[in-house]
Amino acid sequence: MALHLVADFDLRKDVLPWLRAQQAVSAATGAAGGGGADVLENNYESLHVLNVERNGNIIYTYKDDKGNVVFGLYDCQARQNEHLYAFEKDLQVVSCSVNSERTLLAASLVQSTKEGRKNELQPGSKCLTLLVEIYPVNNVKVLKAVDSYIWVQFLYPHVESQPLPENHLLLISEEKYIEQFYIQVTQEDGNRVVIKNSGHLPRDRIAEDFVWAQWDMSEQRLYYIDLKKSRSILKCIQFYADGSFKLMFEAPLDIALSDSGLKLVNFGYDYRQDQEELSKYPTLCVFTNHTGSLCVCYSLKCASWEQITYSVFYFHKGHSKTFTAALGNAGSPVTKGITFLNLDYYVAVYLPGHFLHLLNIQHPDLICHSLFLSGNNEMTDILPHSHLQSLSGSLVLDWCSGTLYRALLSQSYLLQFLWNSRLDYEKMAILHCVLSCGPDPRFLEGQIIRWISENASACYSFDPIQEFIIASSYWSVYSETSNVDKLLPYSSVLTWDTEIPGITLVTEEIALPLMKVYSFKGYWEKLNSNLEYVKYAKPQLCYKNSVVRREWHNLISEEKTGKRKSTAYVRNILENSIKVISNLEARNLEPRLTPLLQEEDKHQRLLMGLMVSELKDHLFRHLQGVEKKKIEQMVLDYISKLLDLICRILESSWRKHNLHSCVLHFNGHGSAAEFAVFHIMTRILEATSSLCLPLPPGFHTLHMILGVHCLPLHNLLHYIDNGVLLLTETAVTRLMKDLDNTEKNEKLKFSIIVRLPPLIGKKICRLWDHPMSSNIISRNHVTRLLQNYKKQLCMLLKDMTMWMQNLWRKQL
């Protein structure tokens with residue numbers, strides 16, 4: 001499957017066996033159930049996950065055979081369970097959290113009833129929010145005793161090397177306010193941890209009058225929405241290890257939310273709502289990643305069996321996209337709501353049995369860079385149909401089964417799908433998905449190269465060689481420094497007008513978030529940089545080879561006319577190319593089968609060196625504060641990667657068709673294998689020429705040799721006249737030496753010689769021992785003599801004219 005769920009934690013597998021073992025020990029020793037170990041099989045339904053903390057620890061609860069509420073903790077690092085606390089009462093747990101040292105437990109509970117439906121609350125029942133000293137078990141302090149529900153969440157410091165003297169606890173009230181409690185702890189009698197200021201806990205009011213809130217456990221951020229004049233305003237608070245907090249930004253959202261209820265995300269499982277009730281409410285969640293992206297995903301409840309609409313606000317790009325997807329199985333009722341999953345560079349939008357949409361977060365402008373699958377495709381029914389919640393770091397929690405998954409894009413399935421797909425937009429999207437998600441990029445590149453070798457002509461809307469070279473080179477330096485993603489091309493496709501069946505798209509500009517602080521670090525610095533780019537970067541700052549193309553053609557023209565402007569300038573450019581080739585050879589120690597990078601090929605070296613020079617200048621202008629040496633190395637790595645990919649595409653085809661060094665001689669006939677390699681080289685040349693990308697020195701020579709082998713003479717000359725095959729000095733020299741002077745070869749040699757540039761033609765004619773060559777040399781010699789005679793005659797006439805003028809003046 002394209003989206004692969006790997007279980008990191010499962011209540012049945014990771015907790016239930018431990019509870020049974022505890023029960024067996026308790027029964028053997030005759031203990032009276034105090035540790036909460038008397039778990040009966042018919043009591044399994046009471047076992048469920050309550051919370052996932054920032055360090056990955058999972059808090060769960062269950063009821064023993066006496067109805068007592070027991071709290072346990074599963075350490076995902078040590079893969080061990082731990083008993084935390086037990087209340088010897090029949091209570092219903094609303095929320096629970098434990099501090100990072102596991103010395104304090106906060107829990108919110110309500111009294112349950114044994115009459116009527118299970119877990120139904122008594123009218124007017126009290127909600128108790130308790131703070132428990134659990135290391136060892138000591139006192140219990142009541143934080144709140146109210147009629148409304150309370151959710152609790154301990155803050156976890158980013159630096160966890162040593163215990164902190166103060167713990168910070170968030171209380172989220174159903175009455176739409178959030179408070180932070182400051183809890184000082186001290187150690188007594190060795191390891192006994194007690195609350196130091198239990199008489200009065202200081203607290204701050206964090207937020208109030210909000211209708212929606214989401215907790216980011218990994219980054220310790222609180223997102224919430226309040227309504228101002230019926231307008232939804234998204235706000236974010238960042239919490240720090242010292243207990244301080246800052247309001248980071250405010251952003252208007254064009255969505256419809258009601259102030260009649262309260263919706264919480266990632267504050268634990270809300271047992272009051274079953275799945276059918278959840279599907280009636282709008283789905284809303286905020287996703288970020290380390291690159292400074294900020295996405296708000298939103299979907300109204302599904303009101304139709306024919307289509308569904310969802311929106312993504314790309315605040316880091318300054319626009320929103322609203323998608324309307326036709327439901328793949330129109331006759332199938334929509335009983336589940338849309339699920340949004342954070343997959344780092346992608347967001348998965350999933351409606352079970354209907355569609356899966358992988359949205360490209362870094363480059364959302366073109367719909368072809370996102371993968372949409374609908375209808376009967378097997379990938380549209382890959383996830384559990386229960387309520388899933390996307391946590392930080394690609395974690396997905398299935399509240400109903402108590403399973404914590406890690407959501408990954410399946411490279412093997414995507415590669416298989418790439419081979420099987422017949423639609424261009426799917427091929428484009430899959431190619432980018434594969435390159436972005438792989439831990440072993442060289443292996444994935446090799447698999448894509450195999451696909452390109454078989455399908456180079458199978459795409460109509462884009463060139464797969466171009467797209468692969470540009471995208472893979474982009475990802476090779478993407479992580480070097482921030483903002484490089486805005487300065488280097490991500491795709492060879494700039495526009496996409498082809499409709500994608502089953503989905504329509506509306507793009508709108510949105511108001512950017514208003515940053516409320518002035519000093520940024522980490523994620524906030526990157527987000528602010530993205531927002532500044534959206535505000536001021538016009539025109540687009542992405543690198544283009546247009547300047548390189550113009551300058552390269554100028555240098556070649558100057559070379560033909562013999563009027564070079566500056567030899568020092570050219571020398572510097574050629575030195576750049578030497579650095580690129582040296583860097584490329586240092587990165588790739590494996591011997592190459594094809595004879596590339598072994599020839600001078602001055603034109604390609606000029607193009608390579610020009611690209612180094614222009615790309616360095618481009619990055620110097622726009623990457624402020626980055627060391628010059630780092631930028632220079634990044635440029636060398638980027639261009640080396642371009643050349644290496646071209647070499648590897650050719651190497652793959654060469655190896656596949658089992659070609660040998662005998663191909664490099666002209667005295668042979670083209671085989672089907674040679675023609676296949678010639679074809680892929682022609683496609684490479686076409687792809688690089690339109691983008692003005694350099695080729696490895698020796699490419700044109702090898703291409704020419706294969707062209708002579710494979711093409712009839714009239715086709716060969718047509719390719720030469722149209723610039724597809726270039727007459728390099730190395731290739732023509734070999735042709736003159738390898739071929740004898742049969743009538744057919746004489747015709748070929750003469751056709752080649754008359755098409756040579758004058759400078760190369762003079763050298764080649766001397767290598768061909770043939771009357772035709774002698775005739776050409778003689779004609780050139782006579783032409784040169786006549787040109788010299790004409791110059792001398794002109795000089796003589798000029799001197800005579802001046803003499804006559806002087807004589808005439810004297811006579812006057």
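Asn658 lies in the loop between α12, residues 628-656, and α13. Good morning, colleagues. Please keep in mind throughout that the structure shown above is a predicted model. I begin with Asn658, because at 53% relative accessibility it counts as exposed, the cut-off being over 50%. Its backbone also deserves a remark: phi of Asn658 is near 55 degrees, a positive value in a residue other than glycine.

Gln220 has a positive phi of about 55 degrees, although it is not a glycine. Where is Gln220 found? It sits in the loop between β15, residues 210-216, and β16, residues 221-228. Is Gln220 buried or exposed? With a relative accessibility of 2%, Gln220 counts as buried, whereas Asn658 counts as exposed.

His387 is partly exposed, and its relative accessible area is 21%. In sequence, His387 and Thr339 are 48 residues apart; in space, their C-alpha atoms are 8.2 Å apart.

Let me turn now to the strands, starting with β3, which covers residues 58-63. Six of its six residues are buried, so β3 is largely enclosed by the rest of the structure.

Which strands pair with β3? One is β2, residues 48-52, which pairs with β3 in the antiparallel sense over four bridges. Another is β4, residues 69-75, which runs antiparallel to β3 and is joined to it by six bridges.

The turns on either side of β3 may be described together. The hairpin of β2 and β3 has five residues between the strands, and Gly56 there takes a positive phi near 90 degrees. The hairpin of β3 and β4 also has five residues between its strands, with Gly67 in the turn at a positive phi of about 85 degrees.

Next come two open sheets. One is made of four strands in the order β6-β7-β8-β9, with antiparallel pairing. Its edge strands are β6, residues 91-98, and β9, residues 137-146, each of which pairs on one side only. From one strand to the next, the twist averages 20 degrees. Within this sheet, seven bridges join β7, residues 104-111, to β8, residues 127-134, and the two run antiparallel. As an example, the bridge partner of Leu109 in β8 is Leu128.

The other open sheet has five strands in the order β20-β21-β22-β23-β31, again with antiparallel pairing. At its edges stand β20, residues 283-288, and β31, residues 503-509; each has a single partner strand, so one side of each is left without a neighbour in the sheet. On average, neighbouring strands here are turned by 15 degrees against each other, direction ignored. How many bridges pair β22 with β23? There are eight, and they link β22, residues 307-314, with β23, residues 319-326, in the antiparallel sense. One point of contact is Ser311, whose bridge partner in β23 is Thr322.

I include one helix. Helix α4 has 14 residues, 424-437, which at 1.5 Å a residue should span 20 Å; its end C-alpha atoms are 20 Å apart, which agrees. Helix α4 is mostly covered, since 13 of its 14 residues are buried.

I finish with the largest pocket, in which about 1,300 Å³ of space lies. It is lined by 43 residues, and the closest to its centre are Asp365, Leu494, Tyr533, Gln540 and Cys542. Which elements give two or more residues to the lining? They are α7, residues 484-487, α8, residues 523-536, α9, residues 546-561, and α13, residues 672-691. The largest share, three residues, comes from α8. By type, the lining residues divide into 20 nonpolar, 15 polar and eight charged. The list also returns us to the opening, for α13 contributes to this lining and Asn658 lies in the loop between α12 and α13.

Technical notes:
Residues are numbered from 1 along each chain as its sequence is written. This is a predicted model: local features need pLDDT of at least 70, side-chain atom pairs count only at pLDDT 80 or more; totals for chains, interfaces and linings use all residues. Side-chain values use heavy atoms; hydrogens and water are left out. On a 1 Å grid over the protein atoms alone, a cavity is a set of points where a 1.4 Å probe fits but cannot get out, and a pocket is an open set with protein on both sides within 12 Å along at least five of seven lines; lining residues have an atom within 4 Å of a point. Grid points are joined across faces, edges and corners, and a volume is the space filled by probe spheres set on the points. Ala, Val, Leu, Ile, Met, Phe, Trp, Tyr, Cys and Pro count as nonpolar, Asp, Glu, Lys and Arg as charged, and the others, Gly among them, as polar. Two strands pair if DSSP finds at least two bridges between them. Axes are lines fitted to C-alpha atoms, for helices over the stretch in contact, and angles run from 0 to 180 degrees between N-to-C directions. The expected span of a helix is 1.5 Å times one less than its number of residues. Buried means under 20% relative accessible area, exposed over 50%, partly exposed in between (1.4 Å probe, protein chains only).
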